[in-house]
Amino acid sequence: MDTPPTPALRRAVRGYLDHLTVERGLSANTLASYRRDLDRYLATLADAGVADLASVGAGLVESHLARLRAGDDAHPPLAVSSAARAASAVRGLHRFALREGLAGADPSRDVRPPTPPRRLPRALPVEDVIRLLETAGPITATGDDAPLALRDRALLEFLYGTGARISEAVGAAVDDLDTDEGTVLLRGKGGRVRLVPIGGYAVEAVRAYLVRARPGLAAAGRGTPAVFLNARGGALSRQGAWGILRRAADRAGLPVDGPAAVSPHTLRHSYATHLLDGGADVRVVQELLGHASVTTTQVYTLVTVERLREVYATAHPRARG
C-alpha cells in the first residue's frame, strides 16, 4: 500500500525534528538520518490506518522495528547499528508526543532497541600515520599542484594533530585558528565548543598552507571564512576531505576498502589511542575529543589494553605458559 501519512502525523514529526534542532542541537547529519527513519515509520503507520500518535499500540511499534531488521521487498535488512538508531528515533518521537500532549501514553516505552556489537575503534600504528601524512604532500611543495598538495597535508596533519571530527575540521574558520599559540576552536556535536592544542607538525603544515596556498584558492571563490578550501575557492566538503584521505591512504599502501579501511575517524581514533599510550589521563582525552561523557572515551582504554596484551604475548618468555 502507498497510503500517505495524515497531516497530524506529519505535524508531530515536524515538531519533534524542530525540537531536536532547537533544544537538542543535533547535527545536520543526525537530523537527516532521523528524518529518513521517521518517514519510514510514518509509512508503516499510514499503511496500518493509524491517523495520529495517540492511536499507536506497542505491537505496531515492535512489528515496525522487527521489519527493519528483517527487510522487505523495497528495503534491505538494516544493520544492528542502523536499526538501533531507527528505534531511538521512534522512541524519541513517542516520548515527545506524550510530553506535548499529543498522546496519552508512550507505546514504545518497553520496546528495547537491538544492541550493536561492541567494536573497538581501530587505531593506526604511529609509523603508518606518519607514512600517511607524508604521502599527502610535502609542506615544501612547489609547482602547479602545490596549493592542493599543501592543503591536503595541512588537513591530514590537522585531523591527527587535533583529534577533530571531519565535520569539525571542514567547519573550522580561519579566525578559529591561533597558530602563534598553537590552538584551534572546534565546534562539535550539540553545539559544544572546545579549545584544543594543535601539534607542532600540524601548525607548521597549516601555516604553509595559509601563506602559500589558501590565498590563491580563495581568489577563485566568494570569500568563505573556512580554513580548508576546494579548488573552486569554496569550503571543502566532508566528501572532499574523505577523498583526500582515501587518496593518501592508497598511496601509503593502507587499506581503503573493507572493514579495515582508513577513514577520517581512523585518525581521530589514532589520536586518542596514542595520547593514552603516551600516558595522558582519560579525562584530559575526553575534553580534547569533546565527549560529553568519559564513558565514551573509556573505550580507547580498552584499545590500549589490547595493545599491551599483544606486546606482552610477543615479548614475555612465559606469556604462552
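This is a predicted model: local features need pLDDT of at least 70, side-chain atom pairs count only at pLDDT 80 or more; totals for chains, interfaces and linings use all residues.
Me: How many salt bridges does a search of the whole structure find?
Reply: The search finds 11 salt bridges.

Me: OK, take Arg40. Which residue does Arg40 form a salt bridge with?
Reply: Asp72. The closest N and O atoms are 4.0 Å apart.

Me: Where do Arg40 and Asp72 lie?
Reply: Arg40 is in helix H2 (residues 28-47). Asp72 is in the loop between helix H3 (58-70) and helix H4 (80-99). The two are 32 residues apart in sequence, so the pair ties those parts together.

Me: And Arg40, buried or exposed?
Reply: Arg40 is buried, at 17% relative accessible area. Asp72 is partly exposed, at 33%.

Me: Switching to Arg131. What is the partner of Arg131 in a salt bridge?
Reply: Asp128. Their closest N and O atoms sit 3.1 Å apart.

Me: How many residues apart are Arg131 and Asp128?
Reply: Three, within helix H5 (residues 126-136). About one helical turn separates them.

Me: Which accessibility class does each get?
Reply: Arg131 counts as partly exposed, with 33% relative accessibility. Asp128 counts as buried, with 16%. The cut-off for buried is under 20%, so Asp128 falls in that class.

Me: What about Arg207, which residue does Arg207 form a salt bridge with?
Reply: Asp180, with the closest N and O atoms 3.5 Å apart. This pair links distant parts of the chain, 27 residues apart. Arg207 belongs to helix H8 (residues 200-212). Asp180 is in the loop between strand E1 (177-178) and strand E2 (183-187).

Me: Asp180, buried or exposed?
Reply: Exposed, at 68% relative accessibility. Arg207 is partly exposed, at 36%.

Me: Which residues do salt bridges with shared partners join into one network?
Reply: Arg165, Glu168 and Arg194.

Me: New topic: the sheet. What is the order of the three strands?
Reply: E1-E2-E3, in an open sheet. The pairing is antiparallel.

Me: Which strands stand at the edges?
Reply: E1 and strand E3 (193-197). Each has a single partner strand, so one side of each has no neighbour in the sheet.

Me: How many bridges join E2 to E3?
Reply: Five, and the two strands run antiparallel.

Me: Which residue stands opposite Val193?
Reply: Arg187 stands opposite Val193, which is in E3.

Me: What do strands of a sheet pair through, in general?
Reply: Backbone hydrogen bonds, in a parallel or antiparallel arrangement.

Conventions:
Residues are numbered from 1 along each chain as its sequence is written. Side-chain values use heavy atoms; hydrogens and water are left out. A salt bridge is a side-chain nitrogen of Lys or Arg within 4 Å of a carboxyl oxygen of Asp or Glu. Helices (H or I, at least four residues) and strands (E, at least two) are DSSP runs, numbered from the N terminus. Buried means under 20% relative accessible area, exposed over 50%, partly exposed in between (1.4 Å probe, protein chains only). Two strands pair if DSSP finds at least two bridges between them.
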